[in-house]
Amino acid sequence: MKKTFYFLGLLAVVSCSSVAQNTAVKESVTEATEADIKKIVSFLASDDLQGRMSGSDGIAEAATFIENNFKANGVKPFFKTYKDTLSNFESSKGVAYNVVGFVEGNDPKLKKEFIIIGAHYDHIGTAKADGDDVIANGANDNASGTAAVMDFARYFGKTKSNKRSIIFALFSAEEMGLLGSKHLAKKLKGDNLNLYTMLNFEMIGIPMQNKDYLAYLTGFNKSNLASVTNTYASEKIAGFLPKAGDFRLFMRSDNYPFHNEFNVPSQTYSTFDFTNFDHYHKVGDEPSVMDFNHMASLINKFTPIIKSIANSDTKEIQYN
C-alpha cells in the first residue's frame, strides 16, 4: 500500500512539474519586437538578395534563412523537407520552392483540422532604375508579410498552444501568377487535407491612413472573418476597403488558390491602401521606409486572434 501511495505521489509531482515547465515555456515566449521584425525584413530586402526573383540565388538564400528560423523555433517541416519544389514553375534560371512549416495541434480531435498562415516571400528582382539603383528590394512586398508569418511560427513553435494544426507557408513565384500557392493548394487538396481556413498576409509594412481599423480584409463580404477577427481582438482590427474590391484583390493574392481548391474561407489581410505607399514594384521599396513599430504592433494583435481561431471548439469562420 505504501508503495502505491508513493507511486501516485511521484506521478502527481511529475505531472505538476510537467505542467509547470509547459507554463514556464509559454510565459517565457515574448511578443514580437520592433528590432526582431526589422532584422528579418532587413535581411530579406537587402541588396545582397537581389530582389528575390523566383529561381534566383537570392531567393534561395531567403528560403534557407526562413528554414533555419523554423528549425530554431521548433517548427517542423510539413513535408519531408521544408523546401517544397514547385511543379508548375519553369525557368532557365533554376527551380523555385515554397518553404512550408508545421506545428501539430495539441487536441486529439481538433488537430486533424488545419489552418494555413501564409505570405509570399518572392519579389520581382529588378525594376526601373533610380540613379544607380535597379534592385526592387520588396520590403513591403512582401518581406513584411513574410516576417509576420515567421513570427507567428516562432510563437506557436515555442508555445505549442494551438489545438488545431497550423501550416506556415511562405510562397515563391507569387509575382509570376500565384504559382507557389497554386502548387501547394492543389497538392494539399490531392492529399485530402482537412482545411478550416487560410489566412494570408500581404504588404503590412506601412500603417493605413485615416481609417478606424488596423488592416483591411480582401473579400470582406464573402465571409464573417472580419467579424470573428474583431470579436477575438475586442477591437476593430479588420475593416472594409472599397478599392480592394475595385481592384479585385481577393483574386490577386495567395489566398485565392485555396479558395478555389477547398472552398473554405481564404482571405488576405493588408495595410496597403493605395495612398500610403508610393514604391509598389519600384526600387524604393526598401527597409528604410518601413514602419517596424506598426508591424510589431500588428503582429502582436494578430497572434492571439490566430490562437483563438486555432482553439475554438467549432468552425466559427464561414463563407456567407
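Buried means under 20% relative accessible area, exposed over 50%, and partly exposed in between. With that cut-off in hand, let us work through some exercises on this predicted model.

**Exercise 1. Strand β8 and its neighbours**

Task: Find how many residues of strand β8 (residues 195–201) are buried, and say which strand joins β8 through five bridges.

Solution: 
- Step 1. Start with burial: seven of the seven residues of β8 are buried, which leaves this strand mostly covered.
- Step 2. Now look for the five bridges. They come from strand β4 (residues 114–120), which runs parallel to β8. To place the pairing on your screen, find I115, whose bridge partner in β8 is T197.
- Step 3. β8 has another pairing to show you: four bridges join it to strand β11 (residues 266–270), again in the parallel sense. Here M198 stands opposite S266 in β11.

**Exercise 2. Strand β3 and its partners**

Task: Work out which residues of β3 point each way, and in what sense β3 pairs with β7.

Solution: 
- Step 1. Strand β3 spans residues 97–103, and seven of its seven residues are buried.
- Step 2. Sort the side chains by direction. Y97, V99, G101 and V103 point one way, while N98, V100 and F102 point the other way, and all of them are buried.
- Step 3. Turn to β7 (residues 165–171): five bridges join it to β3, and the two strands run antiparallel. V99 stands opposite L170 in β7.
- Step 4. T85 stands opposite Y97 here.
- Step 5. Finish with β1 (residues 76–77), antiparallel to β3 over two bridges. Its K76 stands opposite F102.

**Exercise 3. The two sides of helix α2**

Task: Decide why the buried residues of α2 can be said to line one face of the helix, and describe how α2 packs on α3.

Solution: 
- Step 1. List the buried residues of α2 (residues 34–44): I37, I40, V41 and L44.
- Step 2. Look down the helix axis. These buried residues fall within an arc of 90 degrees, so they line one face of α2.
- Step 3. Check the other side of α2, where A35 and K39 are exposed.
- Step 4. Ask what covers the buried residues: they pack against α3 (57–72), α4 (139–159) and α9 (292–311).
- Step 5. Two packed helices are described by the angle between their axes and the distance between the axes. For α2 and α3 the angle is about 155 degrees and the axes are 10 Å apart. Angles over 145 degrees count as roughly antiparallel, so α2 is roughly antiparallel to α3.
- Step 6. Name the residues that meet: I40, F43 and L44 from α2, and E61, A62 and F65 from α3. By class, this contact has five nonpolar residues, no polar ones and one charged residue.

**Exercise 4. A phenylalanine in a loop**

Task: Is F78 buried, exposed or partly exposed, and which residues does F78 touch?

Solution: 
- Step 1. Locate F78 in the loop between β1 and β2.
- Step 2. Its relative accessible area is 22%, so F78 is partly exposed.
- Step 3. Leaving out residues up to four places away in sequence, F78 touches V100, G101, F102, F114, I167, L188 and L193.
- Step 4. Compare sequence with space: F78 and A169 are 91 residues apart along the chain, and their C-alpha atoms are separated by 9.4 Å.

**Exercise 5. Backbone details and a buried serine**

Task: Find which peptide bond is cis, what phi A173 has, and what S144 touches.

Solution: 
- Step 1. The bond from D141 to N142 is cis, with omega near 5 degrees. N142 lies in helix α4.
- Step 2. S144 also lies in helix α4. At 0% relative accessibility, S144 counts as buried.
- Step 3. Not counting residues up to four places away in sequence, S144 touches V41, A139, M203, I204, G205 and M295.
- Step 4. Move to the loop between β7 and α5 (179–190), where you will find A173. Its phi is positive, about 55 degrees, although A173 is not a glycine. With 0% relative accessibility, A173 is buried.
- Step 5. L178 lies in the loop between β7 and α5. This non-glycine residue has a positive phi near 60 degrees, and at 9% relative accessibility L178 counts as buried.

Conventions. Residues numbered from 1 in each chain as written. Predicted model: local features only at pLDDT ≥ 70, side-chain atom pairs only at ≥ 80, totals over all residues. Heavy atoms only, no water. Buried < 20%, exposed > 50% of the residue type's maximum accessible area, 1.4 Å probe, protein only. Pairing = 2+ DSSP bridges. Arc of directions from axis to C-beta. Contact = heavy atoms within 4.5 Å. Axes fitted to C-alpha atoms, helices over the stretch in contact; angles between N-to-C directions. Parallel < 35°, antiparallel > 145°, perpendicular 65-115°, else oblique. Nonpolar A, V, L, I, M, F, W, Y, C, P; charged D, E, K, R; others polar.
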